[in-house]
Amino acid sequence: MQRHKLRTAVTLCAAAALAAVAPASTSAGASSPTPEPDPVLVDCFFDPQVRPDDFILACGDGNNRLVDLRWSSWGPAVAEARGVDLVNDCRPYCAVGKFHAYPVTVKLDRPEPWEKDPDQDHYTRMRLVYTDDKPAQADKEETFKLWD
(Lines give C-alpha, C1' and ligand atoms only; values in the text may rest on other atoms or scores of the structure.)
Protein backbone atom coordinates (compact mmCIF):
# COMPACT_ATOMS: atom_id res chain seq x y z
CA MET A 1 0.00 0.00 0.00
CA GLN A 2 2.82 2.37 0.88
CA ARG A 3 4.52 1.68 -2.46
CA HIS A 4 1.29 2.44 -4.34
CA LYS A 5 0.92 5.84 -2.57
CA LEU A 6 4.55 6.69 -3.35
CA ARG A 7 4.14 5.78 -7.03
CA THR A 8 0.95 7.88 -7.26
CA ALA A 9 2.65 10.87 -5.63
CA VAL A 10 5.66 10.65 -7.98
CA THR A 11 3.37 10.36 -11.01
CA LEU A 12 1.33 13.39 -9.94
CA CYS A 13 4.48 15.48 -9.32
CA ALA A 14 5.88 14.54 -12.73
CA ALA A 15 2.61 15.45 -14.44
CA ALA A 16 2.48 18.78 -12.64
CA ALA A 17 6.09 19.56 -13.62
CA LEU A 18 5.38 18.73 -17.27
CA ALA A 19 2.25 20.87 -17.27
CA ALA A 20 4.18 23.81 -15.85
CA VAL A 21 6.84 23.82 -18.58
CA ALA A 22 4.81 22.62 -21.56
CA PRO A 23 3.48 25.29 -23.92
CA ALA A 24 -0.25 25.76 -23.79
CA SER A 25 -1.94 24.04 -26.69
CA THR A 26 -4.90 25.45 -28.48
CA SER A 27 -7.45 23.57 -30.47
CA ALA A 28 -7.80 24.29 -34.17
CA GLY A 29 -9.78 27.46 -34.74
CA ALA A 30 -9.52 28.64 -31.12
CA SER A 31 -7.34 31.59 -30.26
CA SER A 32 -6.77 33.73 -27.24
CA PRO A 33 -8.63 37.04 -27.33
CA THR A 34 -6.63 40.02 -28.57
CA PRO A 35 -6.45 42.71 -25.91
CA GLU A 36 -8.28 45.90 -26.78
CA PRO A 37 -5.92 48.76 -27.68
CA ASP A 38 -5.85 51.70 -25.30
CA PRO A 39 -7.82 54.77 -26.38
CA VAL A 40 -6.14 57.44 -28.46
CA LEU A 41 -6.14 61.22 -28.36
CA VAL A 42 -7.32 62.61 -31.70
CA ASP A 43 -5.40 65.70 -32.84
CA CYS A 44 -6.40 68.63 -35.08
CA PHE A 45 -5.54 66.63 -38.20
CA PHE A 46 -7.70 63.68 -37.05
CA ASP A 47 -4.59 61.58 -36.41
CA PRO A 48 -4.66 59.22 -33.42
CA GLN A 49 -2.02 60.03 -30.81
CA VAL A 50 -0.74 57.95 -27.90
CA ARG A 51 1.22 59.76 -25.19
CA PRO A 52 1.95 62.83 -27.35
CA ASP A 53 4.67 65.26 -26.26
CA ASP A 54 2.51 68.20 -27.31
CA PHE A 55 -1.07 68.78 -28.32
CA ILE A 56 -2.79 71.78 -29.97
CA LEU A 57 -5.92 72.89 -28.14
CA ALA A 58 -6.80 75.77 -30.48
CA CYS A 59 -6.87 74.04 -33.87
CA GLY A 60 -8.00 77.12 -35.79
CA ASP A 61 -5.10 79.40 -34.92
CA GLY A 62 -2.69 77.46 -32.69
CA ASN A 63 -2.89 80.08 -29.96
CA ASN A 64 -3.22 77.49 -27.21
CA ARG A 65 -1.20 74.28 -27.01
CA LEU A 66 0.01 71.80 -24.44
CA VAL A 67 3.76 71.12 -24.47
CA ASP A 68 6.30 69.07 -22.51
CA LEU A 69 3.67 66.47 -21.68
CA ARG A 70 4.93 63.69 -19.39
CA TRP A 71 2.37 60.91 -19.11
CA SER A 72 2.20 59.08 -15.78
CA SER A 73 -0.57 56.78 -17.06
CA TRP A 74 -2.34 55.87 -20.29
CA GLY A 75 -5.00 53.24 -19.87
CA PRO A 76 -8.38 51.97 -21.04
CA ALA A 77 -10.36 54.49 -18.98
CA VAL A 78 -8.04 57.38 -18.05
CA ALA A 79 -4.76 59.01 -19.07
CA GLU A 80 -2.89 61.53 -16.91
CA ALA A 81 0.04 63.86 -17.54
CA ARG A 82 1.85 66.94 -16.35
CA GLY A 83 2.90 69.61 -18.77
CA VAL A 84 2.70 73.26 -19.76
CA ASP A 85 -0.19 75.11 -21.36
CA LEU A 86 1.16 77.78 -23.74
CA VAL A 87 -1.48 80.46 -24.21
CA ASN A 88 -1.26 83.51 -26.49
CA ASP A 89 -2.48 86.65 -24.74
CA CYS A 90 -3.50 88.09 -28.15
CA ARG A 91 -2.61 91.64 -27.05
CA PRO A 92 -3.16 93.85 -28.89
CA TYR A 93 -4.12 91.06 -31.33
CA CYS A 94 -3.09 87.43 -31.70
CA ALA A 95 -0.55 87.87 -34.50
CA VAL A 96 1.66 90.02 -32.24
CA GLY A 97 0.60 88.59 -28.88
CA LYS A 98 2.96 86.82 -26.48
CA PHE A 99 2.74 83.22 -25.35
CA HIS A 100 2.67 82.59 -21.62
CA ALA A 101 3.45 79.26 -19.94
CA TYR A 102 1.16 77.79 -17.28
CA PRO A 103 1.97 74.47 -15.58
CA VAL A 104 -0.96 72.06 -15.76
CA THR A 105 -2.05 68.56 -15.01
CA VAL A 106 -3.99 66.90 -17.81
CA LYS A 107 -6.58 64.19 -17.43
CA LEU A 108 -8.21 62.41 -20.37
CA ASP A 109 -11.27 60.22 -19.87
CA ARG A 110 -14.66 59.11 -21.19
CA PRO A 111 -13.38 56.90 -24.01
CA GLU A 112 -15.88 56.14 -26.76
CA PRO A 113 -15.60 54.50 -30.19
CA TRP A 114 -13.92 56.86 -32.65
CA GLU A 115 -16.17 57.84 -35.57
CA LYS A 116 -13.29 57.47 -38.08
CA ASP A 117 -12.39 53.99 -36.76
CA PRO A 118 -15.19 52.47 -34.64
CA ASP A 119 -12.87 49.63 -33.52
CA GLN A 120 -10.64 52.22 -31.85
CA ASP A 121 -11.75 54.13 -28.74
CA HIS A 122 -10.69 57.73 -28.23
CA TYR A 123 -10.80 59.95 -25.19
CA THR A 124 -13.68 62.42 -25.42
CA ARG A 125 -12.97 64.70 -22.46
CA MET A 126 -9.90 66.60 -21.31
CA ARG A 127 -9.57 68.26 -17.94
CA LEU A 128 -6.81 70.80 -17.26
CA VAL A 129 -5.91 71.87 -13.74
CA TYR A 130 -3.57 74.86 -13.49
CA THR A 131 -1.08 74.08 -10.75
CA ASP A 132 0.26 77.64 -10.39
CA ASP A 133 -0.86 80.74 -12.29
CA LYS A 134 -3.63 80.48 -14.85
CA PRO A 135 -4.60 82.48 -17.94
CA ALA A 136 -6.77 85.49 -17.11
CA GLN A 137 -9.74 84.13 -19.05
CA ALA A 138 -9.51 80.62 -17.57
CA ASP A 139 -10.79 78.97 -14.42
CA LYS A 140 -8.41 77.04 -12.17
CA GLU A 141 -9.92 73.88 -13.69
CA GLU A 142 -11.04 73.74 -17.32
CA THR A 143 -12.90 70.87 -18.99
CA PHE A 144 -13.07 70.40 -22.77
CA LYS A 145 -15.12 68.09 -24.95
CA LEU A 146 -12.75 66.54 -27.47
CA TRP A 147 -13.68 66.15 -31.11
CA ASP A 148 -14.26 63.01 -33.12
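Colleague: Leaving aside neighbours within four places in sequence, which residues is Q120 in contact with?

Modeller: This is a predicted model. Q120 is in contact with P37, D38, P39, V40, E112, P113 and W114. Q120 itself lies in the loop between strand 6 and strand 7.

Colleague: Why is Q120 called buried?

Modeller: Buried means under 20% relative accessible area. Q120 has 13%, so Q120 counts as buried.

Colleague: What makes the approach of Q120 to D38 a polar contact?

Modeller: The cut-off for a pair of N or O atoms is 3.5 Å. A polar atom of the Q120 side chain lies 3.0 Å from the backbone oxygen of D38, so the distance is within the cut-off.

Colleague: How do you know that R65 and D54 form a salt bridge?

Modeller: The side-chain nitrogen must be within 4 Å of a carboxyl oxygen. For R65 and D54 the closest N and O atoms are 3.3 Å apart, so the pair qualifies.

Colleague: How many salt bridges does the structure hold?

Modeller: The structure holds 3. Another of them joins R125 and D109, with the closest N and O atoms 2.7 Å apart. R125 is in strand 7 and D109 in strand 6, 16 residues apart. The side chains of R127 and E141 also meet in a salt bridge, at 2.8 Å from N to O.

Colleague: What keeps D43 from being counted in a salt bridge?

Modeller: The limit is 4 Å. The nearest side chain of opposite charge, K116, is 7.9 Å away from D43, so D43 has no salt bridge, although D43 is buried. The side chain of D43 does make a polar contact with the side chain of Q49, at 3.2 Å.

Colleague: Why are strand 3 and strand 8 said to stand at the edges?

Modeller: The open sheet has 6 strands in the order 3-4-5-6-7-8, with antiparallel pairing. Strand 3 and strand 8 each have a single partner strand, so one side of each is left without a neighbour in the sheet.

Colleague: What makes strand 6 and strand 7 a pair?

Modeller: At least two bridges are needed. Strand 6 and strand 7 have 9 bridges, so they count as paired, in the antiparallel sense.

Terms used:
Residues are numbered from 1 along each chain as its sequence is written. This is a predicted model: local features need pLDDT of at least 70, side-chain atom pairs count only at pLDDT 80 or more; totals for chains, interfaces and linings use all residues. Side-chain values use heavy atoms; hydrogens and water are left out. Helices (H or I, at least four residues) and strands (E, at least two) are DSSP runs, numbered from the N terminus. Buried means under 20% relative accessible area, exposed over 50%, partly exposed in between (1.4 Å probe, protein chains only). Lys and Arg count as positive and Asp and Glu as negative; His and the chain ends are not counted. A polar contact is a pair of N or O atoms within 3.5 Å; within protein, one must be able to donate a hydrogen and the other to accept it, and residues adjacent in sequence count only if both atoms are side-chain atoms. Contact means heavy atoms within 4.5 Å.
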